[in-house]
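Hello,

Here is the structure I promised to pass on. Have a look at it first, and my notes follow below.

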Amino acid sequence: MKPLFRWLLDTVLPPTCLACDAPVEKEGQFCVACFKAANFVSAPFCRCCGVPLPFAEPSGIQKCAPCNETAPAFTQARAALRYDETARRMILPLKYADHTEAVNGLAVLMRRPGEPLLQAANMLVPVPLHASRLRARRFNQAALLAIQLARLTGRPLGLDTLVRHRETAPLEGLGLAARRAELEGAIGIRADADVRDKRVLLIDDVMTSGTTANECARILLAAGARRVDVLTAARVTDPRFEGLALA
Ligand SMILES: [Zn+2]
Ligand SMILES: [Zn+2]
């Protein structure tokens with residue numbers, strides 16, 4: 001009796017927002033309230049790593065201090081949302097549940113700041129997730145976003161271009177040297193991947209310090225990529241990370 005009741009309930013109930021329980025028109029959407037609460041990354045931001053800046057530079061050169069000091073391996077990084085409570089609610093279903101419809105909602109948001117990078121890209125490459133984590137979560141959220149963005153834009157997909165050789169500890173809260181040491185040799189490029197002369201767009205769900213994106217970009221450039229950019233759903237703008245060098 002119970003499964004049938006549940007089935008009837010699911011059939012009758014309207015689709016709900018991906019981030020809360022509010023009803024929405026179609027499956028795979030965010031409600032108006034969540035959309036309004038979403039904190040989109042807006043200008044001024046660093047034209048290199050995309051981190052929001054407290055004020056516009058009078059010189060007109062919008063670059064954060066770390067990028068000014070040492071340019072990251074990637075050329076540009078852009079994100080749709082500032083990583084706050086709303087962004088976390090929007091992205092979380094993607095990571096830990098079967099909520100793959102969240103992918104479409106997020107991919108649509110990512111096109112807003114990412115369209116020029118998407119159109120210029122020869123290949124969309126997700127930041128790799130280690131196989132053991134992949135089994136636990138069942139999805140690589142970066143891959144899900146890359147697949148959906150490739151679908152929406154018609155750009156070619158390099159799904160398994162980068163591989164994770166070993167598990168890494170979370171990099172949050174570690175200093176630059178410790179983050180670098182943790183990533184040392186953790187990511188590699190598949191032997192038969194061909195990125196020569198390609199403009200690659202790295203895709204991930206959240207960019208924190210940028211160390212992982214930087215390491216992926218370094219590897220792709222070493223393999224002959226012409227240029228590497230980064231597009232993420234959200235960007236951590238915590239001042240603790242803003243002050244840390246990327247490269
Ligand atoms: Zn909502
Ligand atoms: Zn920057």
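**The sheet and the zinc site**

Strand β5 (residues 199–207) and β6 run parallel and are joined by eight bridges; strands here are DSSP E runs of at least two residues, numbered from the N terminus, and two strands pair if DSSP finds at least two bridges between them. Please keep in mind that this is a predicted model, where local features need pLDDT of at least 70, side-chain atom pairs count only at pLDDT 80 or more, and totals for chains, interfaces and linings use all residues. Residues are numbered from 1 along each chain as its sequence is written, chains are lettered from A and ligands numbered from 1 in the order in which they are written, and side-chain values use heavy atoms, with hydrogens and water left out.

Within β6, D229 is the bridge partner of L201. On β6 (residues 227–235) there is also a parallel pairing with β1, over five bridges, in which A79 stands opposite T232. The whole is an open sheet of four strands in the order β1-β6-β5-β2, paired in parallel. Because β1 and β2 (123–126) stand at the edges with a single partner strand each, one side of each has no neighbour in the sheet.

Now to the metal. C17, C20, C31 and C34 coordinate the zinc ion (ligand 1) through their SG atoms at 2.3 to 2.4 Å; donors are N, O and S atoms within 2.8 Å of the metal (3.2 Å for Na, K and Ca), and with water not among the atoms, sites may look incomplete. Along the chain, the donors of the zinc ion follow the spacing C-x2-C-x10-C-x2-C.

Best wishes
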